[in-house]
Amino acid sequence: MSMNVGALPRTWRKPPLIKSAWLRWTLGVSLVVYLALVFETTPVNWARVWEGLPRGAAFLAAFFPPDFVSRWQEIVEGISESLWMTVVSTVVGIAISIPVGIGAAKNIAPAPVYYFCRAVLAVSRSFQEIILAIFFVKLFGFGPFAGFVTLSFATIGFYGKLLAEDIEDTDPAQAEAVRSSGASWLQWLNYGVQPQVMPRMIGLGLYRFDINFRESAVIGIVGGGGIGATLNTAFDRYEFSSAAAIIIVIIGIVMFCEYGSGYLRRWVQ
Amino acid sequence: MATIPARERTWQRRDRRAELVVWTCWLLAAAVFIGCFQMISDKTIWAFVWDAPQQAGDLAVRMVPPDWLYIRALGRPIWDTINIATIGTLIAVLLAIPVAYCAARNTTPSANVVRPIALFIIVSSRSINALIWALMLVTIIGPGVFAGIFAIALRSIGFCAKLLYEAIEEIDESQVEAVRATGASGAQVTSYGIVPQVLPAFAGISVFRWDINIRESTVLGLVGAGGIGLELNAAITQLYWTQVSLILLVIIATVIVSEWVSAKIRHAII
C-alpha cells in the first residue's frame with residue numbers, strides 16, 4: 001500500500017504560471033521571434049546615440065541650476081495662456097457634456113437620442129488630443145483658441161461618458177419617489193437624479209481640470225498655444241537651461257493641481 | 001386653539017445664508033471664467049474663427065475619398081508604431097518593478113531614504129507627457145524609433161510603478177507571514193508571499209498601459225520620434241489630404257484593435 005506513495009516525487013515544485021505546456025512554449029517562442037524581428041527591423045544609429053550622450057549629460061546638467069531668468073517673460077506668458085485654456089475648456093467642455101451625458105444614459109434617454117449621443121462620445125474619444133489640435137489649428141489659426149476648442153472637445157468625450165455611466169448606476173427608487181410627487185421632467189432630473197451623481201461628478205470635474213492642464217502643456221507643440229510652444233522653442237534653440245526651468249514649472253503646477261484637486265475632492269465627498 | 005400662521009411658506013432648498021454663499025461662489029466662478037475667456041479672445045484673430053466652418057467644409061471635401069493605394073506605404077510605419085508601444089511598455093514594466101518595490105510602504109528597504117526617491121521618480125515620470133519626453137530624446141539621441149521607445153518607456157514607468165506599488169500595499173499580510181514562518185529567506189518571502197498576490201494586478205496594469213501607449217505612440221512622430229505620426233506630419237505639411245484621411249482611418253483601426261485585444265487579455269487574466 002505505501003509503495004505507491006514512495007513512487008511519487010517527494011520535492012514540491014512551483015506550479016507553472018500557464019498550465020498548458022503547449023501554450024506556454026508557443027507564447028515563449030513567439031515572444032522571442034517577435035523580439036528578434038523588432039531588433040532586426042529597428043534601425044538604431046549607434047554613432048548618433050553615442051554622440052548624443054554628452055548632450056544628454058549637458059541637458060541633465062542644465063537642471064543645476066535651471067535658468068528661470070532669461071526667458072521669464074515667455075514662461076509667464078505661456079503658463080498663463082495654458083491656465084486660461086484649462087479653465088475655459090474645462091467649463092465649456094463640462095457644460096456641453098452634461099446634455100450629451102444625459103442623452104447617453106440608457107435609463108433616461110429614448111433609443112435614437114441614446115445612440116446619437118453615444119456616437120458623439122465615441123468620436124470625441126477616439127482621437128488623441130494632439131491630432132485634434134492639429135486640425136483645430138488648421139481651422140482656427142495658431143493660438144490659444146484652437147487649444148481651447150481641442151481641450152473642450154476632448155473633455156466632452158471623457159466627462160460625458162463617465163456622467164452617462166454614473167446616471168445609469170443611480171438608484172431608480174429615489175428618482176421614482178420624486179416623480180410620484182408630480183414633478184415635471186426637469187424637476188425630476190434636478191431633484192431625483194442630480195443629487196445622486198453630483199459628488200462624484202464634482203470630483204471628476206476637478207480630475208479633468210488636472211488632465212486638461214497636462215494636455216495644454218503639449219498642444220502648444222503643434223501650435224495650439226500655451227507653455228508647449230515655449231518649451232518647443234527652447235529645445236529648438238538648444239537652450240537646455242530654459243527648457244529645464246519650463247519643465248520644472250510644469251511639474252510644479254501639475255503636482256499642485258493634483259494635490260489641490262485631491263484635497264478638494266476629499267472635502268467635497 | 002392653534003392658529004395657522006398667516007404667512008404663506010414655500011419650501012426652499014437652503015436658508016438665506018447658504019443661498020447667499022452659493023450665489024457668491026457662482027458669481028466668482030463666472031467672473032474667473034469670463035476673465036479667462038477674455039484673455040483668450042484677445043489673442044484670437046476672430047476672422048479666422050468665423051471662417052472656420054467654411055474651412056472645415058473645404059478640408060472635408062479635399063479629404064474624400066481617402067487615397068486607398070497609399071496603404072502600401074503604411075505597413076512599415078504601423079509596425080514601428082506598434083513596436084514603440086510594445087517595447088516601450090516592456091522596458092517600462094521591467095523598470096517599474098524595482099521602483100514599485102522601493103515605493104511600497106510594506107516592502108521598501110528604507111522608508112526615509114529610498115522611498116522618497118522612488119516616489120520622486122514616479123511623480124516626475126508621470127507629470128511629463130510622452131510628447132515632451134520625445135522632444136527631449138529627439139534632441140539628445142537623434143530622431144527615430146529608438147527615441148520613441150524610450151519616450152514611451154520613461155513616461156510609463158511612473159504610471160506602472162504607481163499602480164503596482166498601490167497593489168503591493170494592499171496585499172494580505174497574513175500570507176506573507178505564513179511564508180516567513182516556514183523559515184523562508186527574504187527573496188523567498190517575496191517570490192512566494194508577495195509576487196503571487198500582485199501578479200494578476202501587474203498583468204492587468206501592463207496590458208492597460210500598452211493600450212494607452214498604442215494611442216500615444218501614434219503621435220510621437222510629430223516631433224520626429226518615429227511611427228505613423230511621421231507620415232501624418234509629412235502628409236499634412238505637403239497638403240496631401242487624401243493621404244491624411246487614410247492615415248487617420250488606419251490610426252482609428254489600430255486603436256480599436258488594440259482596445260479589443262487588451263480587453264480580451266484582461267478578461268482572460270482577471
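Predicted model: local features only at pLDDT ≥ 70, side-chain atom pairs only at ≥ 80, totals over all residues.
A residue is classed as buried when its relative accessible area is under 20%, as exposed when that area is over 50%, and as partly exposed in between. By this criterion Lys43(B), with a relative accessible area of 35%, is partly exposed.

The contact between the chains involves 61 residues from chain A and 58 residues from chain B. Together the two chains bury about 5,200 Å², and 77% of this area lies on carbon and sulfur atoms. Ile40(B), Lys43(B) and Ile140(B) account for 12% of the area that chain B buries against chain A, more than any other three residues. Polar interactions are also found across the interface of chain B and chain A, where eight residue pairs are in polar contact.

Two salt bridges are counted between chain B and chain A. In one salt bridge, the side chain of Lys43(B) meets that of Glu81(A), with an N to O distance of 2.7 Å. This pair crosses from the loop between α1 and α2 of chain B, where Lys43(B) lies, to helix α4 (residues 72-103) of chain A, which holds Glu81(A). Glu81(A) has a relative accessible area of 10% and is therefore buried, whereas Lys43(B) is partly exposed. A salt bridge also joins the side chains of Lys43(B) and Glu77(A), at 3.8 Å from N to O.

Over all chains, the whole structure contains 17 salt bridges. Within chain B, Glu169(B) and Arg115(B) are paired through their side chains at 3.8 Å, N to O. Glu169(B) is partly exposed because its relative accessibility is 28%, while Arg115(B), at 13%, counts as buried.

The side chains of Glu216(B) and Arg155(B) likewise form a salt bridge, with an N to O distance of 4.0 Å. Because Glu216(B) lies in helix α8 (residues 186-217) of chain B and Arg155(B) in helix α6 of chain B, the pair ties together parts that are 61 residues apart in sequence. Both Glu216(B) and Arg155(B) are buried. In chain A, salt bridges with shared partners join Arg71(A), Glu74(A) and Glu239(A) into one network.

Arg71(A) is also among the contacts of Ser242(A), a residue in contact with Asp67(A), Ser70(A), Arg71(A) and Ala234(A) when neighbours within four places in sequence are left aside. Ser242(A) is located in helix α11 of chain A, and its relative accessible area of 3% means that Ser242(A) is buried.

At least two residues of the patch come from each of α9 (185-219) and α11 (240-268) of chain A. The greatest contribution is that of α11(A), with four residues. Tyr263(A), placed in helix α11 of chain A, has a relative accessible area of 57% and is therefore exposed. In chain B, Leu28(B) of helix α1 (residues 16-42) is likewise exposed, because its relative accessibility is 57%. The C-alpha atoms of Leu28(B) and Ile236(B) are 42 Å apart in space, and the two residues are separated by 208 places in sequence.

Several backbone features occur in loops. Tyr238(A), a residue other than glycine, has a positive phi near 55° and belongs to the loop between α10 (227-236) and α11 of chain A. Its relative accessible area of 49% makes Tyr238(A) partly exposed. In chain B, Leu239(B) has a positive phi of about 60° although it is not a glycine, and is found in the loop between α9 (228-237) and α10 (241-269). A cis peptide bond, with omega near -5°, runs from Val64(B) to Pro65(B). Pro65(B) lies in the loop that separates α2 (46-63) from α3 (75-103) of chain B.

How values were computed: Residues numbered from 1 in each chain as written. Chains lettered and ligands numbered in written order. Heavy atoms only, no water. Buried < 20%, exposed > 50% of the residue type's maximum accessible area, 1.4 Å probe, protein only. Contact = heavy atoms within 4.5 Å. Buried area = accessible area lost by both parts, 1.4 Å probe. Polar contact = N/O pair within 3.5 Å; in protein donor to acceptor, adjacent residues only side chain to side chain.
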